[in-house]
Amino acid sequence: MNSLPHQSDPARAWAPYEPSARDPWDLARVAHLHRRAGFAADWSTLVRDREAGPKAAVDRLLDGESHARDGQTASDFDALLAAMGSRLAPGANASVIQGIWLYRMVLTPHPLRERMTLFWHDHFATSLNKVGNAALMQRQNDLLRSQAIGDFKAMLAAIGKDPAMLIWLDSTSNKKAKPNENYAREVMELFALGRGRYSEKDIQEAARAFTGWFVIRDRWSEIPSQHDDGPKTVLGKTGRFRGEDIPAILLEQEACAEFLCEKLFRLFVSEVDPAPPALVKALAKRFRESGYAIRVPVETILRSNLFHDASVRRRRVKSPVEYAVGTVRALEATKPTVSAPALADACSRMGQGLYTPPSVAGWDGGPSWINTTAMLHRTNFILALLGKDDEALGGRIDPAALAERHGVAPLEFYRDLLVQDALAPAALPTKTDARELAVLVAASPEYQLA
Amino acid sequence: MKPRRFASPLAALALFASTISPLARAADAPLGVDWVSNDALVHVESARPTLLLDRFLSPSFQAYLGAIPQYKRYIESAEFKQQSAQIEFVATLLDTTWERAIRDLAGGGLILSAEVVDGKPAVTLILTPSDPAFLAKAHTKLLDLARADAKGKGNPDPIKTADHRGITGYSVSSEEAHAIVRDALVITNSPKHLKTVIDRALDGKPGGAPPRELTDRRIQAKSNTDTIAWGLVRLEKLRALDPKFAIPEKIDPGATFLFGPWLEAARKAPWASAAIRWGDVAMTAEVELPAPRDGYSDTYRRYLPKPGQGAPQLLAPKGVIGNFSLWRDLASIWEVRAEIFPPEALQGLAQLDSFAGQFFGGREFGSGVLASLGTNWRLVVAEQDYAKMSPVPDIKLPAFALVIDTAPDDEEFAQRLRVAFQSFVGLANLGAAQEKAPPLESGSETVDGVTILTTHFLSPKAPAAKPGEPAAQPEPVHQRHNFTPSAMQVGNTFVLSSSIGLARDLVPLLKTPAKSMTETAILDVDGRALARLVEINKSRLVMQNMLEKGNDRAKAESEIGFLEAVLRYFSHATMTASDANESLRFFLKVDLGTAK
């Protein structure tokens, strides 16, 4: 059953939220914003954004902060991470490339950009296990980040020539005599339209447009002699299409923006309630009219009445990466931060190995993140992070000192920082030490939800 | 070594008086050597403890410390300044400086002893001052301070006193008791033990003359003016006291294979001694264990070089970073493998036997392969000329070579080794094809009449830029391009090298047969060369540090800088192990340089 408010009133749902006595801009709303649009915020950020109001808080998420968590300016931090990524050898193992990304997520001045990069990594799911080249995976990741809240048109066009994607989809050789339908199928089904919004003939014709595209020595190349230059009909349009023409044809379909907005709805609003068609259509219209500027639907959602309605809180299960990175950031384990390869291993054990999604459809997400084994690994992660024995993850946080530094009693501090109104004060023991309290809250069922 | 300075003529006189004390004690042993048991569990002695202070305060060591960012930060920290202020306060009260106070208090020597009395530890620390008057003054002043502090806080007198045979003992807790005995400060861990020490000082201790293992070590220490301290541990007593100190008969097969007789000696030796020396240009440490009383078993005797034999001399090719040289008769050890290794390891060795047969023309591994390899084993690690590499790998690794002597009359075996090398290259290429990695291309070249079998990985090719498009950004070159695996036979020596450059450099060095050293094993490392390796890979190491330890860039650079400084300071290190009939000796020598 769908319990969402404003289901049939898109104008009201997507109208900017204005704080009121009934719906005040309080800590619960600020924390909700950061949980969904980033990886959870630390105490100072929550307090600052509560004081600044919703507009300034969303502006900061959209534009990024001026400094990374390690104290570097945002541009210096980006340059450092670019250098790390560019020096990845093709044969680097998974924990190295995963570690670089997680290090970036933990310290990033732009959590929404990383959150969206993770979203696109799931959308354009590609696995290092098959690609076998960390440098190519890093290049794809850089592409996704460059357009994470940018231009979907540019991203869709570029992903079609991305060597990692083409290796992943066995599309490294697309000859005129035998068009390879893999990429044409996935771009329609998974990347742009969704199932049932195209025909088998559309795939075959689009595949002909992509003929002549190859990956040679890990680079996209075009061999004109292998291109089928004949006329093709794709989604009702006819012409001597080349591969570069296909994204535009897909983007002209109303279904494209709706397909993507439905996914954004699941990301930011609720993965439990089906996305109401009226709300999706209204959002998709703005997306299309913007020329597929991703920032438009994202900003619309983050500023909206619907997003800030108390009923949509905790309608998603945190993925292992959201859970782990969010906890590290919220608990200020940033100087020094945790070992990135160890964090990568912890995420993998919880079920989300970055760069190794299980299939072309990405991770199942939702309730599948939570099972007995995953919960055990989540609890073990919290115990390691808040303990002193694990050299790679622990020993960086003093829960009592952290609460004291912010001038808040431990019980209130860890409840308000991590779960806010989701846990009644009576649910937590009053006489226990700060470390135990932090563990109890971070391992609670409520904290597993975003 | 700096000349010893005395706080005052009186102190010099006191030290002289203590040296010619009528109490029977070994020449140049610190005062109090007869107040501790001859068979203490642990005995540590330093006739010149202030030498440690001299070395620590020497300009070269201070310059080294100054180059360590962590040390500089500590020196500039509020915590250090507070500690310094407290020390300076006490020193001012005593009309001295902290450095002078240490010299005056401990300049005459130090003895630390741990005995076991009635199953409980009895610890004694004896500090002989170079200025006994200063000791008396400092002791009185510190007691007064403690009493005044307690009084100010409304607490009772924290110092308990008791007289024993005319000597006053003091105690601040049930686990501490001390007294000034014959001008020396004696600190023990119980009042009861303090009385025992006082009795020994007044009556002479029972047990007669010290045993040879103590007197020999004392004489050795005296003969070297750089000796900071030496000590002796009674392993027999330690093993009896706590079984966890006993090395089990069956341990990790790898450790048994590598360190067999040394573990046997540690298992059976009644004692072990150690000495530390710190000179102007080098620091040394020496550990000695007596050989088992009934000799080594037949199994472990096979590890020991015969008279006149030993590890082959070290090789010093251009840019050498490290050298390991070992005498080991693997063919002989292979015969007794069933006595050394557990069944699961033996199963692995059986597979090795069968696998080796395929590569060496059906030869039996022990009698056909190991017996033809001889007893001289060397591993050489050296810098490469990275500027001349093409392509230049992003991570720059050193080259290494395994140098093995082969039986002089077995030319067929030498040929088999070369063929085995080619077979491995073929296997590696099959694996590379499956992994989409570049293959190794084989070749050969002749250097000074020696044929070197060479290989190199095919270079990665960047795609040509299309007209009007910028050239693609070059990717980092894989670390595999550090390797150009090569093999050669020089006389009776077979060399398997990771790099053609190192193989070429070894040719002239191997033309002359290697001399045998007196040691069984020698490990030699050049810290400066290692520091250069750190330097050229610095940016990568910094990034690795950031990712693996979670440090920010400044902290990561500081840690890598520290590593570099340490390697430069400990400019050269040599570690040896010598097996003689009567004892086993490990010797470590570290040459000191500068941190920059």
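Helices and strands here are DSSP runs, numbered from the N terminus. With that in hand, welcome to a predicted model in which chain A and chain B touch each other. The loop between H19 and H20 of chain A, for instance, is the place of Pro336(A).

**Chain B as a whole**

- Chain B contains 21 helices and 20 strands.
- If you follow its C-alpha trace along the principal axes, chain B spans about 90 × 70 × 40 Å.
- Of the 596 residues in chain B, 33% are buried.
- Take the contacts in chain B with a separation of 6 or more: 67% of them join residues 24 or more positions apart.

**Where the two chains meet**

- Chain A brings 23 residues to the contact, and chain B brings 20 residues.
- On the chain B side, helix H20 (538-549) and helix H21 (553-569) each supply at least two residues.
- H20(B) gives the most to this side, with 6 residues.
- Sorted by class, the side of chain B that touches chain A has 10 charged, 6 nonpolar and 4 polar residues.

**A closer look at H20(B)**

- H20(B) is 12 residues long and reaches 16 Å from its first C-alpha to its last, close to the 16 Å expected at 1.5 Å a residue.
- Which residues of H20(B) are buried? They are Leu541(B), Val542(B), Met543(B), Asn545(B), Met546(B) and Leu547(B).
- These buried residues pack against elements from both chains: helix H5 (74-86), helix H6 (94-107) and helix H20 (340-350) of chain A, together with helix H19 (527-536) and H21 of chain B.
- Just after H20(B) comes Gly550(B), which takes a positive phi of about 80°.

**Helix pairs in chain A**

- Helix H19 (residues 320-330) and helix H21 (residues 372-386) of chain A have axes that come within 11 Å and cross at roughly 20°.
- Angles under 35 degrees count as roughly parallel, so H19(A) and H21(A) are roughly parallel to each other.
- The crossing of H19(A) and H21(A) is right-handed.
- In this pair, Tyr323(A), Ala324(A), Thr327(A) and Val328(A) of H19(A) meet Arg378(A), Phe381(A), Ile382(A) and Leu385(A) of H21(A).
- By class, that contact has 6 nonpolar, 1 polar and 1 charged residues.
- Another pair is helix H15 (residues 254-268) and helix H16 (residues 277-289) of chain A, which pack at an angle of about 115° with their axes 8 Å apart.
- H15(A) also passes H16(A) in a right-handed crossing.
- The residues of H15(A) in this contact include Leu260(A), Cys261(A) and Phe265(A), while those of H16(A) include Leu283(A), Ala284(A) and Phe287(A).
- The contact of H15(A) with H16(A) has 8 nonpolar, no polar and 4 charged residues.

**A mostly covered helix in chain A**

- Helix H13 (residues 200-209) of chain A is mostly covered, with 7 of its 10 residues buried.
- The buried residues are Asp202(A), Ile203(A), Glu205(A), Ala206(A), Ala207(A), Arg208(A) and Ala209(A).
- Their cover includes helix H12 (182-192), strand S3 (232-234) and helix H14 (246-252) of chain A.

- Most residues other than glycine have a negative phi, and most peptide bonds are trans.
- The peptide bond from Lys335(A) to Pro336(A) is cis, with omega near 0°.
- In chain B, the bond from Ser390(B) to Pro391(B) is cis, again with omega near 0°. Pro391(B) sits in the loop between strand S12 (376-382) and strand S13 (399-405).
- Ala40(A) has a positive phi, near 80°, and lies in the loop between helix H2 (27-37) and helix H3 (43-52) of chain A.
- Asp448(B) has a positive phi too, near 50°, and lies in the loop between strand S14 (440-447) and strand S15 (450-457) of chain B.
- Is Ala40(A) buried or exposed? Ala40(A) counts as buried because it has 25 C-beta neighbours inside 10 Å, and the cut-off for buried is 20 or more.
- Asp448(B) has 9 C-beta neighbours inside 10 Å and therefore counts as exposed, the cut-off for exposed being 12 or fewer.

Key. Residues are numbered from 1 along each chain as its sequence is written. Chains are lettered from A and ligands numbered from 1 in the order in which they are written. This is a predicted model: local features need pLDDT of at least 70, side-chain atom pairs count only at pLDDT 80 or more; totals for chains, interfaces and linings use all residues. Two residues are in contact if their C-beta atoms, placed from the backbone, lie within 7 Å. Helices (H or I, at least four residues) and strands (E, at least two) are DSSP runs, numbered from the N terminus. Ala, Val, Leu, Ile, Met, Phe, Trp, Tyr, Cys and Pro count as nonpolar, Asp, Glu, Lys and Arg as charged, and the others, Gly among them, as polar. Axes are lines fitted to C-alpha atoms, for helices over the stretch in contact, and angles run from 0 to 180 degrees between N-to-C directions. Angles under 35 degrees count as roughly parallel, over 145 as roughly antiparallel, 65 to 115 as roughly perpendicular and the rest as oblique. A crossing is left-handed if the near helix is turned anticlockwise from the far one by less than a right angle, and right-handed if clockwise. The expected span of a helix is 1.5 Å times one less than its number of residues.
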